[in-house]
Amino acid sequence: MRVNGKKFRDLSSQTAPHNDANIIETLLMLGEVYDIVYDHHGRAGKLNEYITNAIYHVLSTSPKKDYINEPVNPKEFVLSPELLYAGLIPQKKINSFDFSDYWTLANYFRRLDGLDEGDYFHLINPNIDLGNETDRIIVNIKTQQQAVEIAKHITWSWTEKRVDWKSYVSTFKILVNNNVEDRSNPNLYLKNDKMVIYFAETDQDNKTIMNSIKCGVEVFLANIPDAVPDNNLPLNGFYKRVGRQIGTGREIRQKEQKEAKRFTDQRVEEIKAYVLNNQIARDRSEWIEGVYFYVTNFIS
């Protein structure tokens, strides 16, 4: 069998280790995906934009909880010297920025717009050549203030050029939202990965950099009262949980791609490819395990 031009062997004899909490979390999400895509006869519907967004939503979001109930102060956030030094660029506004003159008034208001709309803000370590980073750590932090506090902690060390876990972070982004309408919406779902830390792994065997960053984040959050939500809240699908509300993941790089797709986007695309080759899937459990093994183990 071939999916998207890639060989795919029969996985019907394989069973996921259901005692692994990381895998169980993703299998439950895939069960929700199955219920979205297939009818009660096990027949797949059309994979339109709505279905694609629904799959992405299942894999990466959960109810807002406490994260946006107490917003950050917009001016204090946007004008924080620690964060401005490292970029502080809203994800949706990157293409509208004039990078030749970062300090323009127009760019200032674009940052405020990003706050009011709710967005990731990107920060870049000026001491690192970004290169070809493929690894990431995600953190599901409880409040925006705590996210900003750890962001300042990371970026402040960059000005001093310390050689510790913070110096290995090449870029990261935090989710910030000052939107009044969002705060009043009880049904709002937000991304689980409130903070995403990117780094270039140089030690493939021991994962020393990843462990250094993970431990550094944990130590910092341990000093903030109630900094992360209960551990039974979800992380994004297909991430490996390595700490309380901390997960790790690696990009899937296709040979024909110059750049890797975003982590969850890539997995959504592979799920869709699996569906297209399994239009009839009357056995829900078999489908869940089949797509899980395909996405995690059989993409070259």
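Which side chains meet in a salt bridge at 3.6 Å, N to O? I looked this up in a predicted model, where local features need pLDDT of at least 70, side-chain atom pairs count only at pLDDT 80 or more, and totals for chains, interfaces and linings use all residues. Residues are numbered from 1 along each chain as its sequence is written, and side-chain values use heavy atoms, with hydrogens and water left out.

**Entry 1, helix H9.** I found that the pair is lysine 272 and glutamate 269, a salt bridge being a side-chain nitrogen of Lys or Arg within 4 Å of a carboxyl oxygen of Asp or Glu. Both belong to helix H9 (residues 263–276), three residues and about one helical turn apart; helices here are DSSP runs of H or I with at least four residues, numbered from the N terminus. Lysine 272 is buried at 15% relative accessibility, while glutamate 269 is partly exposed at 30%. I noted the cut-offs: buried is under 20% relative accessible area, exposed is over 50%, and partly exposed is in between, with a 1.4 Å probe and protein chains only.

I then turned to lysine 214 and glutamate 218, whose side chains meet in a salt bridge at 3.1 Å, N to O, and which lie four residues apart in helix H8. Lysine 214 is buried, with a relative accessible area of 12%, whereas glutamate 218 is partly exposed at 28%. The buried residues of H8 also include Ile209, Met210 and Phe220, and on the other side of the helix I found Val219 and Ala222 exposed.

My search of the whole structure gave nine salt bridges.

Technical notes: Helices (H or I, at least four residues) and strands (E, at least two) are DSSP runs, numbered from the N terminus.
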